[in-house]
Amino acid sequence: MTLHKHWKGIALFLLPVGVMYVTFFIYPLGYVFVVSLTDFRGFGSMEFVGLANFRRIFEMTNFQFGLRNNLIWALSLGFGQVALAAVVAMILARKPPFWRFLRTAYFLPNVISQVAIAMLWYTIYRENFGLLNTALRAIGLDHLALNWLGNLSTALPAVILQQLLYIGYFMIILLAGVMSIPRSLYESAEIDGANVFQQEVFITIPMVKSIAVVAMTLAMAFGIRHFEATFLLTGGGPANRTMTLGILLHRNLHAANYGRASAISAVLIIVGALIIGLTRHLLTTRSAIEDVKQ
Amino acid sequence: MKKLSIFTIALVVLALLVPAVFAGGGAEEPDEIVLEFPTFWVGQDSKADMVEYLVNEFNEMHAGEIRVEIQPMPDTDGYRSTINTRMSAGDPPDVFVFQPDPTTFGFYGAEGVLMDFSDELSGEWGNRFSGGTIEQMTIDGETKSIPYEVGVTPIWYNQRLFDQAGVDSFPETFDEAVAAFEALKDAGITPTSQMTGGANAWTSMLWYSHIIGSIGGPDAWDRPLSHPQYEQAAEMLLGLYSDGNTTSDAVGGDADVSGGHYLAERTAIFINGPWYIGRIAGDAPEVHEATRLAAAPAVDGGHHGHQVAFPQSNLAAAHTDDPERRAAVVEFMKWMTEPENVAMITEDAGPLFSINYDIDPGVDPLLQEFVRVQNEAPFTITHFEGAFPVAVVQEFGTAIEMMVAGGASPAEFVEILQDAMD
């Protein structure tokens, strides 16, 4: 093994990013793990408490709900949202009427603040004068009108649904992939008698698989770190049913319980890395890796 | 050229001397005690004008002896951190606004930092204050901050809706309340506004605090969560969520839901502080006109008439061994807590104070009601949020939701809170 002849130049170019990465990511990450082993309350000394914070959070009901819900969020976005985005991308790739307008329309919510979107859904879900209940009552389905965000059974699905529908970001990624597939492949399949469904299953899906894995990884990362919409719509309630680790982390920071907050962060980082690593391991085939390399 | 240079030098010397000569006009006179008073009650703060007026009046009355100098610090967060830093360094300002919270109360234990007013307050001066408020600010027998601005949160009820339901007066006991609630429901009116959402389930947290006060009296919060009063109060709170006694969106609802129902006359009973008067007067003038205030119904054999009032701003001073300086500080504190003086601030800007006083009958009738219920209260207790750590308060709404959903008994409600204490 010999050093690259331009190694000094390469190192010089990598140095600024490397320094920033270590300073603003590796060091804070290490600090989070260190603080998670202490009882730090924001002032005074840090007493080492070993794994006490971790033992405590795993006993807490709200943490258990938070961990469960974060997994549900990751799977819902990773599989549900990306699947929906893929379907829409495949339809738009066939360039139906107004496809350019539809592409923009689907992407538009991604440039709107999450706070504004959450407030919009609050007006849809609220029990009194909410759009959903008003519509249900208007068509005689009064018995279905619920306190959607206050009901133990409906709160989590309601919050996830409002997020699931905003597929624009992944739709754009997948659409770019689908549109880059050579048209000749579809023309050949059509000559061989393949219908539209078969063309999508046997040409489109294998060809965009590597891009879909990237999209799913991103979606699961968004799911694992989910915070804003739930915080604004339910605050983690009712009775912890929509709790997420992000909200719990926020609460512990607000209570100046930095040791416990750091332990929650550490779990969030570890669980996130595990889920994403496992997903990529299960879904990424050698050919897909090769595709990306090529 | 030479003439010009001399002239220039003379001008420069004059320019340097003139401000120095005039600046001498503000210098303290011999033996005059100057007290620095950094405060955020300046600029756009509603109390700014009246506080400045009172300080000027005090300075005029004590000209040549005591002078209080306001140091404007309009940023409240910056003020808080500055004061905390100065207290940490053992050098607080001569007189300042003490924002009561667990951090600032932590400085009570620091030797030689804050002035202890317990001797002076044990005399006639202490009688000015609302029942229980001095005790709330006293730790280990030392009163190192004086209760001042206070948030009073009595029960609000809509007299017109009560009349519609044939209920003559606000119930004084929970047994009477049950009968009144039934009458209201028969008239198609939901009795109470409640909420479990927000950071602290505000409306329900205040109801719980009123009930705890009725069961436990002025020292109710001194009892640990293992005391049966907490479970008993939880059972009564559950009753307020049952049998249609509140709206179905109370679970998960926030202050907008709770207040919105009251403003829209969908509910007849609500709880909040005087800061909500502007909202109700602007958004629902007819409800504002129909609103009366009362003490919460008493539990069987419990206390009645008390109010839930929590300190918002206290007054404090730096410890000093100089008796004359100490006397000057006490004199200023007595002036700022004169019933007539705080009445002027209330009439001008609306805040309430933990002092017994009357206000001009010409001001907003609801504000007068606030002063009346506060003066009539035999004692006040702080709210649940002021009595327990943030971590416990954060779980309060969740605990109600669990109880209302049938997932927790009142005893388990308390266990959830106890669990959060660890």
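Hi everyone, let's start with a pair of helices in chain A: helix 3, residues 61-93, packs against helix 8, residues 168-179, at an angle of about 45°, and their axes are 8 Å apart. Before I go on, please keep in mind that what you see is a predicted model. If you are new to this, two packed helices are described by the angle between their axes and the distance between the axes.

So what do we call this arrangement?

Which residues meet here? On the helix 3 side of chain A, you can find A:Gln81, A:Val82, A:Ala85, A:Ala86, A:Val88, A:Ala89, A:Met90, A:Leu92 and A:Ala93. Helix 8 of chain A answers with A:Phe170, A:Met171, A:Leu174, A:Leu175, A:Val178 and A:Met179. Sorted by class, this contact has 14 nonpolar residues, 1 polar residue and no charged ones.

Now zoom out to the whole of chain A. How many helices and strands does chain A have? The count is 14 helices and 0 strands. Its C-alpha atoms fill a box of roughly 75 × 75 × 30 Å along the principal axes. Of the 294 residues in chain A, 35% are buried. And if you take the contacts in chain A with a separation of 6 or more, 71% of them join residues 24 or more positions apart.

Let's move over to chain B, where there are strands to look at. Here 4 strands form an open sheet, ordered 8-9-7-10, with mixed pairing. At the edges sit strand 8 (190-192) and strand 10 (291-294) of chain B, each of which pairs on one side only. From one strand to the next, the twist averages 20°. As a reminder, strands of a sheet pair through backbone hydrogen bonds, either parallel or antiparallel.

Find strand 7 of chain B, residues 155-158. What are its partners? It pairs with strand 10 of chain B in the antiparallel sense over 4 bridges, and with strand 9 of chain B, residues 267-271, also in the antiparallel sense, over 3 bridges.

Which way do the side chains go? In a regular strand the side chains alternate between the two faces of the sheet. In strand 7 of chain B, B:Ile155 and B:Tyr157 point one way, B:Trp156 and B:Asn158 point the other way, and all are buried.

Chain B has a helix pair to show you too. Helix 10 (residues 228-241) and helix 19 (residues 410-421) of chain B pack at an angle of about 115°, with axes 8 Å apart, and their crossing is right-handed. Helix 10 of chain B brings B:Tyr230, B:Glu231, B:Ala234, B:Glu235 and B:Leu238, while helix 19 of chain B brings B:Pro410, B:Ala411, B:Phe413 and B:Val414. By class, that gives 7 nonpolar, no polar and 2 charged residues.

Last stop: where do the two chains touch? The contact takes 18 residues from chain B and 18 residues from chain A. On the chain B side, these are 6 nonpolar, 9 polar and 3 charged.

Notes: Residues numbered from 1 in each chain as written. Chains lettered and ligands numbered in written order. Predicted model: local features only at pLDDT ≥ 70, side-chain atom pairs only at ≥ 80, totals over all residues. Pairing = 2+ DSSP bridges. Helix = DSSP H or I, 4+ residues; strand = E, 2+ residues; numbered from the N terminus. Axes fitted to C-alpha atoms, helices over the stretch in contact; angles between N-to-C directions. Contact = placed C-beta atoms within 7 Å. Nonpolar A, V, L, I, M, F, W, Y, C, P; charged D, E, K, R; others polar. Left-handed = near helix turned anticlockwise from the far one by under 90°. Buried ≥ 20, exposed ≤ 12 C-beta atoms within 10 Å, placed from the backbone.
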